[in-house]
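Look at the sequence and the structure below before reading on.

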Amino acid sequence: MKVKSILAASALTLAMTVPAMAARDYISIVGSSTVYPFATVVAEQFGKTTGSKTPKIESTGSGGGFKLFCSGVGVNFPDITNASRAIKSSEMKTCADNGVNEIVEVKIGYDGIVLANSKTVAPLNLTRKDIFLALAKEVPDPANPEKLIANPYKTWKDVNSALPATKIEVLGPPPTSGTRDAFVELAMENGAKTFDFIKNMKATDKKEYKKICHTVREDGVYIEAGENDNLIVQKLQANPNALGIFGFSFLDQNADVIQGAVIEGEAPTFEGIAKGSYPVSRPLFFYVKKAHVDVIPGMKGYLGEFTSEKAWGESGYLADKGMIPMPEEERKMYNENVASLKIMEMK
Amino acid sequence: MNTTETTKTNLLTPTKRLKRRYRAEKWFKRLGLTAIALSLSFVAFLFFTIFSDGYTAFQQSYIELDVHFKAEEFTQEKLASANYPGLVKEAMSTMFPEVTSRQEKKQLYNLISPAAAYKLQDTVEADPKIIGTTQKVWVLADDDVDMLMKGKIDRNLSQGDRRIRNNQLAWIDRLVKEKRLEMKFNKTFFMTGDSREPELAGILGAVKGSFLTLLITLSLSFPIGVAAAVYLEEFAPENKWTDLIEININNLAAVPSIIFGLLGLAIFINFWGLPRSTPVVGGLVLTLMTLPTIIIAGRASLKSVPPSIREAALGIGASKMQTVTHHVLPLAMPGMLTGTIIGMAQALGETAPLLMIGMVAFIVDVPGSITDPAAVLPVQIYLWADSPERAFTEKTSAAIMILLTFLITMNSLAVFLRKKFETKW
């Protein structure tokens, strides 16, 4: 009995004393699951070579990352957030409301979004228009091209007679994902713009325009496969008719079993994305709270490691992991921005 | 009349109706057996897939290098600032002097894991006397080489379709022939924390994180759970308040665990200001989750102690508290412990509530205390399953095997305790 009461007492004291803790001696990073595989490599390299504590990285998605990042200044809030898109003005406002006024924006490189299928069948040769017609919820009526109808297409041949007569079946990320945001924006919206009346709508009714371009069909053709891209790769192997949507690094790592669809004549290759000729690619960022740089140990070291040539350069270790480096001048510019901690303008 | 009825149901010459009843019984038994066989085959299938995917993770490819620790490399004050990756590259170049072009050299160096440099650093720091000599050092091979050695990369595919080039394949074959590339027991897997290099990733960080988290959970939920169960069962008056409490406890046991995570985020992190992603917060959240289980199991085992024990103790003059602490509680303890262990096993396998409090994170350093950031076993499995590198597939299965081992051990301990201390009245 005595033992037990001591145990209980010590447990209670344990619980009571803990909230007194304040300082944090490791960097806390949140944000995009697309940047996560790259940021983790840098963090590990930084921790192992400098002997500092390795930064802690949570994969919360770009939006979730900004939410945490913008909640305030202090050790309880993250120091850095990763993002697979630029910060929105609404998020900047939240930041400013919570006292996070000085943010350093760092672009780190590019990521291509690929539509891949199993290697056992021929690669598809798509245009962004095909992608829009195959996946949008509402498409222009072929009989009356100024009118929108619910998407009637069942096979790729229905969409474009040059394509095979296989069923349209696409596995992709859910709406919370940054990859999905980028995909609808870069592939579907640009595909929709090929129809003049939709393009004109952008000036007249922006809300309706966004709705047409960004709404993915919900009749079972587009299958939300969760955030687990490995699972999508496995499903593609099992079902050669299906296409999967994910980041270039997964294609790079699994090039022996899947292949990327050629989009507007450009295959998703490292060089194509770096040059900017592959149409579905997006920049990756991270955002730093300037107020934390001198408070949290190791911040300068981590930023230095990330922006060094051996990390994000042409033949750096991030390129080995599938990130597409920026051109040299851009790298130089962001490197200087980081060194001088140039804060971004708050809109 | 009665006698004729009984002669009809003669067991030696069964009637039609009796036969039908026997047949029905036989079918009923078979149905039950099929159900068991079906669930067993599911379990067998699960174990088989996990084991066949994961057993290779316990071996890892190592390459033997002749490293010349040149004295001029170690002129700086700190041993850590020497150029260890350079030493690794030099050792590879001396082994393959015919490789000269820049691109080929890069492919050659890619055979070795980036972890090799850390290994050299450790070797020198452990014994600085080796500076100036040439030593044979076994270092980790790259994960792609490892996958090839384990037959998970098909060498018959054309060069463009696999991650190992043809010239790399030739080098690997030469290394194997010279017995410089071998499979060894994967100690790293049990000695390190998470890593983005599959060959360097280990389970120790997650195991320790799970241990610290469960320590907090156990030391809070067991005393609180037992105290609550004893009060409700032995002392509480029977009125509508205790009824209300009882309904609420039963309800809480059925609440989805993610709700506890949200509660933990709101109270422990946002209100108390506890640090995110630490075993303290994880343990507190899991305490909330396991408390109802422990209270319900505790009350059930207190109920099973016969009233005659209490009456006898009270009859010879023991106080209510003495009755409970000296007689009822020791007799109910095995049941309570079983409930606690099952609750702990549940907490060990939980990820959903930890997602909300930031324990689903990339953490390399092995946690040393309850306020260091830590991941737990199921979270580690989730993170590895989501990594692009092929070699993480086997690590995922290996981590599942370890988690299953812990779960099976805990559950069999619960069964053992129940069997050993069970008292039949």
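How many residues of domain 1 of chain A are in contact with domain 2 of chain A? The answer is 12 residues of domain 1 of chain A, which touch 16 residues of domain 2 of chain A. Two residues are in contact if their C-beta atoms, placed from the backbone, lie within 7 Å.

This is a predicted model, in which local features need pLDDT of at least 70, side-chain atom pairs count only at pLDDT 80 or more, and totals for chains, interfaces and linings use all residues. Residues are numbered from 1 along each chain as its sequence is written, while chains are lettered from A and ligands numbered from 1 in the order in which they are written.

**Domains**

- Chain A is divided into domain 1 (22-109 + 283-340) and domain 2 (112-281), with bounds that come from an automatic or database domain assignment.
- The centres of these two domains of chain A, taken over C-alpha atoms, are separated by 30 Å.
- On the side of domain 1 of chain A that touches domain 2 of chain A, there are 3 nonpolar, 7 polar and 2 charged residues.
- In these classes, Ala, Val, Leu, Ile, Met, Phe, Trp, Tyr, Cys and Pro count as nonpolar, Asp, Glu, Lys and Arg as charged, and the others, Gly among them, as polar.
- For chain B, the assignment gives domain 1 (62-184) and domain 2 (204-421).
- The C-alpha centres of domain 1 of chain B and domain 2 of chain B lie 46 Å apart.

**The sheet of chain B**

- Chain B has an open sheet of 3 strands in the order β2-β1-β3, with antiparallel pairing.
- Helices (H or I, at least four residues) and strands (E, at least two) are DSSP runs, numbered from the N terminus.
- Two strands pair if DSSP finds at least two bridges between them.
- The edge strands of this sheet are β2 (134-140) and β3 (181-185) of chain B, each of which pairs on one side only.
- From one strand to the next, the twist averages 40°.
- Strand β1 (residues 59-68) of chain B is joined to β3(B) by 5 bridges, and β1(B) is joined to β2(B) by 7 bridges.
- B:Ile63 has B:Leu181 in β3(B) as its bridge partner, and B:Gln59 stands opposite B:Phe185 in β3(B).
- B:Tyr62 has B:Leu140 in β2(B) as its bridge partner.
- Helix α5 (residues 115-126) of chain B lies across β1 and β2 of chain B and runs at about 135° to β2(B).
- Axes are lines fitted to C-alpha atoms, for helices over the stretch in contact, and angles run from 0 to 180 degrees between N-to-C directions.

**Helices packed against α14 of chain B**

- Helix α12 (residues 279-303) of chain B packs against helix α14 (residues 320-348) of chain B at an angle of about 150°, with their axes 8 Å apart.
- That angle makes α12(B) roughly antiparallel to α14(B).
- Angles under 35 degrees count as roughly parallel, over 145 as roughly antiparallel, 65 to 115 as roughly perpendicular and the rest as oblique.
- The crossing of α12(B) and α14(B) is right-handed; a crossing is left-handed if the near helix is turned anticlockwise from the far one by less than a right angle, and right-handed if clockwise.
- The residues of this contact of α12(B) with α14(B) are 12 nonpolar, 10 polar and no charged.
- The axes of α14(B) and helix α17 (residues 392-421) of chain B come within 9 Å and cross at roughly 170°.
- α14(B) and α17(B) are therefore roughly antiparallel to each other.
- Residues of α14(B) including B:Pro334 and B:Leu337 meet residues of α17(B) including B:Phe406 and B:Phe421.
- By class, the contact of α14(B) with α17(B) has 14 nonpolar, 2 polar and 1 charged residues.

**Where chains A and B meet**

- The contact takes 31 residues from chain B and 32 residues from chain A.
- α9(B) gives the most to the side of chain B that touches chain A, with 3 residues.
- That side of chain B has 17 nonpolar, 7 polar and 7 charged residues.
- Strand β2 (residues 56-58) of chain A runs antiparallel to β4(B), and 2 bridges join them.
- A:Ile57 stands opposite B:Phe362 in β4(B).
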